[in-house]
Amino acid sequence: MFGKRSTIDQQEAPAPVSQQQKAAAGEPASTAAAYAKPEPVEAPKANAGAAASAQPAEPAARVTRPRSEEYYDVKTTVFNALIDTIDLTQLAKLDADAAREEIRDIVSEIIAIKNVVMSIAEQEELLEDICNDVLGYGPLEPLLARDDISDIMVNGADKCFIEVDGKIHETDVRFADNSQLMNICQRIVSQVGRRVDEASPICDARLPDGSRVNVIAPPLAIDGPTLTIRKFKKDKLTLDQLVNFGSISPEGREILKIIGKCRCNVVISGGTGSGKTTLLNCLTAFIELDERIVTCEDSAELQLQQPHVVRLETRPPNLEGEGEVTMRDLVKNCLRMRPERIIVGEVRGPEAFDLLQAMNTGHDGSMGTLHSNSPRECISRLESMIMMGGFSLPSKTIREMITGSVDIIVQAARLRDGSRRITHITEVLGMEGEVTTLQDIFVYDIIGEDDNGKIIGRHRSTGIARPRFWERAQYYGEEQNLANALAASEVKDEQGGPVGGSGRG
Ligand SMILES: Nc1ncnc2c1ncn2[C@@H]1O[C@H](COP(=O)(O)OP(=O)(O)O)[C@@H](O)[C@H]1O
Ligand SMILES: [Mg+2]
């Protein structure tokens with residue numbers, strides 16, 4: 001019933017109401033005044049339109065539209081009258097559109113009764129604002145409506161940050177107080193049947209549009225409820241776009257394409273927000289249309305284009321602590337579903353064992369992502385996930401299992417200038433004694449930084465002409481493409497030899 005965002009025109013994104021509620025809470029509306037250019041209450045519609053169309057030119061963090069203090073005063077009056085009039089529990093029973101209609105009717109009536117002087121445009125804005133507050137996510141609405149934001153981070157009522165283009169900005173979005181923020185958090189998590197309060201202060205949830213939400217509340221979060229939203233991107237990036245961004249070179253794209261096509265088992269490794277899921281999504285584009293694919297995710301993010309896909313999602317325990325379905329349950333189950341490829345959104349725990357088993361037992365071309373900062377660390381993380389899963393296997397056996405299953409590690413990284421790069425394509429060769437041997441075939445070198453702090457670097461192959469998956473590539477008729485891509489991305493030093501040596505590690 002909170003599916004409100006679709007009805008909000010992005011350009012017309014309303015300002016949060018918090019100021020009004022601040023005033024209601026007895027606080028001076030000084031924050032509002034600080035960024036509200038005085039504007040006549042009866043602003044003609046043309047003005048409102050101009051303000052809206054001027055919005056894109058404003059800095060990314062500028063979310064609220066300047067409003068006059070009168071506006072907030074009027075809103076407080078109307079809002080309080082509305083709360084006195086309506087029965088919120090009855091309202092909750094209506095569907096979103098009906099509830100909005102209901103509020104509209106009552107608000108129009110209140111405006112008439114109270115003799116408030118307002119233009120039609122102002123009245124529309126006020127209605128939208130109040131609806132967002134009562135039905136939607138209040139001050140978060142304008143942020144949720146924007147497609148350019150990838151993350152929203154609210155640290156208590158007075159601090160809200162967003163990530164745009166890899167950079168974090170503080171916004172001018174404010175909540176009236178921590179209890180308003182907590183109410184909104186509660187509203188979000190209650191949609192997936194969960195509850196967040198002092199007794200259970202940590203909660204994961206999902207917005208109706210697929211965005212992932214985490215809430216951690218006091219007393220664990222010391223400075224107030226802390227809300228993190230990873231916004232769902234409707235249009236996932238493609239590998240071609242990654243090339244345009246410089247995340248990978250055209251030759252690198254070719255290598256990834258071949259890896260995807262010739263059914264290598266791939267683990268995508270990287271830090272939080274480094275672009276792992278995006279990359280996984282890109283790699284799945286090279287899967288043949290007739291393959292049966294099963295995806296397992298904590299919350300469905302992948303957007304596979306193939307016709308024959310089964311999507312599975314884990315489930316957290318309910319309020320009584322029952323009914324949990326873990327990633328391990330899903331991966332184990334999907335082995336019985338006759339998949340040709342298994343895709344695990346994020347490997348975090350003992351399901352690593354099952355994924356490796358799958359990779360080992362005829363589900364070539366399976367893929368997953370894993371949180372780690374280098375290909376080497378990726379291997380040791382896999383190992384420790386299996387150890388901690390309570391499988392009593394000697395570590396040599398675990399390592400052999402890893403090297404026997406994983407063919408390629410693709411490392412993604414978010415660099416200090418906010419850009420995302422694919423920094424390694426690394427092969428898992430095998431074991432030398434107790435040690436796993438890795439071989440980089442394609443890497444990213446950071447060369448320097450330009451005047452604006454942007455990182456300058458280059459992608460290159462490491463001079464390996466015949467990677468371990470060469471035979472596989474041959475089998476799929478891709479060996480010539482592979483040879484060309486590798487040769488074309490070689491960087492020669494003055495003596496004409498390859499830079500950086502063999503990449504053996
Ligand atoms: N190469 C890239 N260039 C620019 N933005 C990217 C790139 N890869 C991912 N992103 C964006 O970064 C955000 C995080 O990406 P995601 O794949 O979810 O990261 P992870 O799974 O590693 O946490 C998303 O908003 C995504 O659109
Ligand atoms: Mg991810």
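Of the 15 residues around ligand 1, the ones that come nearest are S150, G275, K276, T277 and T278, where a residue counts as near a molecule or strand if its C-beta atom, placed from the backbone, lies within 6 Å of it. This is a predicted model, in which local features need pLDDT of at least 70 and side-chain atom pairs count only at pLDDT 80 or more, while totals for chains, interfaces and linings use all residues. Residues are numbered from 1 along each chain as its sequence is written, and chains are lettered from A and ligands numbered from 1 in the order in which they are written.

**Around ligand 1**

- Helix 10 (239-245) and helix 12 (276-283) are the elements that give two or more residues to the shell around ligand 1, helices being DSSP runs of H or I with at least four residues and strands runs of E with at least two, numbered from the N terminus.
- Helix 12 provides the largest share of that shell, three residues.
- By class, the shell around ligand 1 holds three nonpolar, nine polar and three charged residues; Ala, Val, Leu, Ile, Met, Phe, Trp, Tyr, Cys and Pro count as nonpolar, Asp, Glu, Lys and Arg as charged, and the others, Gly among them, as polar.

- The bridge partner of I293 is V309 in strand 9 and R341 in strand 10.
- Four of the five residues of strand 8 are buried, so strand 8 is largely enclosed by the rest of the structure; a residue is buried if 20 or more other C-beta atoms lie within 10 Å of its own, exposed if 12 or fewer, and partly exposed in between, with C-beta atoms placed from the backbone.
- Strand 14 (residues 435-449) and strand 15 pair in the antiparallel sense over seven bridges, and Y444 stands opposite H459 in strand 15.

- P307 and E288 are 19 residues apart in sequence and 9.9 Å apart in space, C-alpha to C-alpha.

Key:
Pairing = 2+ DSSP bridges.
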